[in-house]
Amino acid sequence: MTTDEFEIWFEKGVTDGLPVVPPTRERVERILAGTRRGPDELVGEMPPNYGRLSVEKAAINAVMAGCRPEYLPVVLAAAECDCDPPFNQHGMSTTTHIAAPLIVVNGPVRARIGLNSSFGVFGPGYRANATIGRALRLCMINIGGARPGETSMSTFGHPGRYTYCIAEHEEASPWPPFHVSRGLAAGASAVTLFAGEAPHGISDHASRTARQLAGSIGWSMASMWNSKHFPLYSHTMLVVGPEHARTFADDGWTRAQLARHLWETVRVPYRTLLPDDEHGEGTNLRFGKTPPPPDAMVSKFPSPEEIHIVVAGGTAGRFSVAIPGWLGTKHGSQPVTRPIKFD
């Protein structure tokens with residue numbers, strides 16, 4: 001066995017494939033100072049192996065990820081979401097699908113710890129985003145046992161399985177913060193966990209009305225999962241860029257109106273969704289023994305409530321991002337929101 005302080009953690013099998021910060025007692029105690037919660041307090045039982053995640057074990061993984069002490073309350077809130085049965089981390093970890101837990105952070109904590117919500121929000125360069133997302137993944141590996149090719153069976157995965165954490169750009173949003181739509185107070189700090197694929201970019205530099213832009217975005221989303229998957233099996237997150245959000249707001253559209261418009265208008269006749277010689281995948285099995293009439297219009301989205309709209313990204317550039325989810329409310333994952341506890 002090597003005595004190298006970095007190589008040893010690879011030999012122990014506790015990394016995500018990248019070097020980790022050695023979790024010395026001094027470093028762990030320093031991270032634990034970021035919360036008043038007791039080290040032995042149970043955060044939850046983390047799937048898929050349902051290992052018991054304590055505050056101290058979360059802190060150890062936060063150290064390895066490179067977190068600062070002030071990040072720990074966000075990591076703990078994300079872990080609580082991950083352990084919540086409706087999120088169904090067990091299913092998402094063991095599926096052959098592509099999804100990863102996306103952490104969306106709202107509230108005053110964003111500025112306090114330097115979370116990026118603006119330019120390059122899904123990319124590198126910001127320690128808080130990178131290490132908070134990575135800490136959750138390390139907890140999933142080391143406590144939950146989600147190891148690729150063993151219990152984690154995603155055919156492809158995606159880069160968000162290293163780290164996947166953004167903040168909402170509340171200052172550039174014309175709408176109330178996303179966590180308000182999830183039932184929390186605007187002044188609260190909160191985490192929402194969403195089981196999502198990688199971001200799918202949508203470019204529209206020409207639409208100047210809300211209706212035009214909604215059509216452009218909505219029909220760009222029509223091919224998610226598969227061009228004949230109507231309705232989708234899953235929840236969907238739409239991350240609207242600030243310039244696009246302003247176009248909607250200038251015409252008086254709310255977040256809820258946009259979701260309803262997408263649900264109502266991105267529809268095709270049932271007959272076009274049946275498998276044929278040119279497109280073997282079809283939606284017919286989803287309707288069982290009572291399919292709708294051939295000309296009945298079928299929506300891409302199961303309901304407006306299953307379209308989750310966040311504003312993020314840089315203030316220059318007319319882009320948005322769609323993130324398909326993993327399965328739906330019956331057998332899959334539901335987004336989970338938790339307030340961040342600082343006491």
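**Reading rings, helices and cores**

Q: How many aromatic pairs does a search of the whole structure find?

A: The search finds four aromatic pairs, where rings of Phe, Tyr and Trp (its six-membered ring) pair if their centres lie within 6.5 Å, and planes under 30 degrees apart count as stacked, over 60 as edge-to-face and the rest as tilted. Phenylalanine 248 and tryptophan 253 are stacked, because their ring centres are 5.9 Å apart and their planes meet at 25 degrees. Together with Trp175, Phe248 and Trp253 form one aromatic cluster. This is a predicted model, in which local features need pLDDT of at least 70 and side-chain atom pairs count only at pLDDT 80 or more, while totals for chains, interfaces and linings use all residues. Residues are numbered from 1 along each chain as its sequence is written, and side-chain values use heavy atoms, with hydrogens and water left out.

Q: Are phenylalanine 248 and tryptophan 253 buried or exposed?

A: Buried means under 20% relative accessible area, exposed over 50%, and partly exposed in between (1.4 Å probe, protein chains only). Phenylalanine 248, at 0% relative accessibility, is therefore buried, and tryptophan 253, with a relative accessible area of 15%, is buried too.

Q: Which residues of helix α9 are buried, and where do they lie around the axis?

A: An α-helix has 3.6 residues a turn, so residues three or four places apart point the same way. Helices (H or I, at least four residues) and strands (E, at least two) are DSSP runs, numbered from the N terminus. In α9, which spans residues 210-220, the buried residues are Ala210, Leu213, Ala214, Ile217 and Gly218. They lie on the same side of α9, because they cover an arc of only 125 degrees around the axis, taken from the directions from the helix axis to the C-beta atoms. Among the elements that cover them are β6 (200-203), α10 (242-250) and β11 (319-324).

Q: What is threonine 247 in contact with?

A: Contact means heavy atoms within 4.5 Å. Threonine 247 is found in helix α10, and, leaving aside its neighbours within four places in sequence, its contacts include Ala210 and Leu213.

Q: Which residues touch the most other members of the largest nonpolar core?

A: A nonpolar core is a set of buried Ala, Val, Leu, Ile, Met, Phe, Trp, Tyr and Cys residues joined through side-chain atoms within 4.5 Å. Of the 53 residues in the largest one, Met46, Ile103, Val105, Ile132 and Val191 touch the most other members. Helix α4 (residues 72-83) gives the most to this core, with nine residues.
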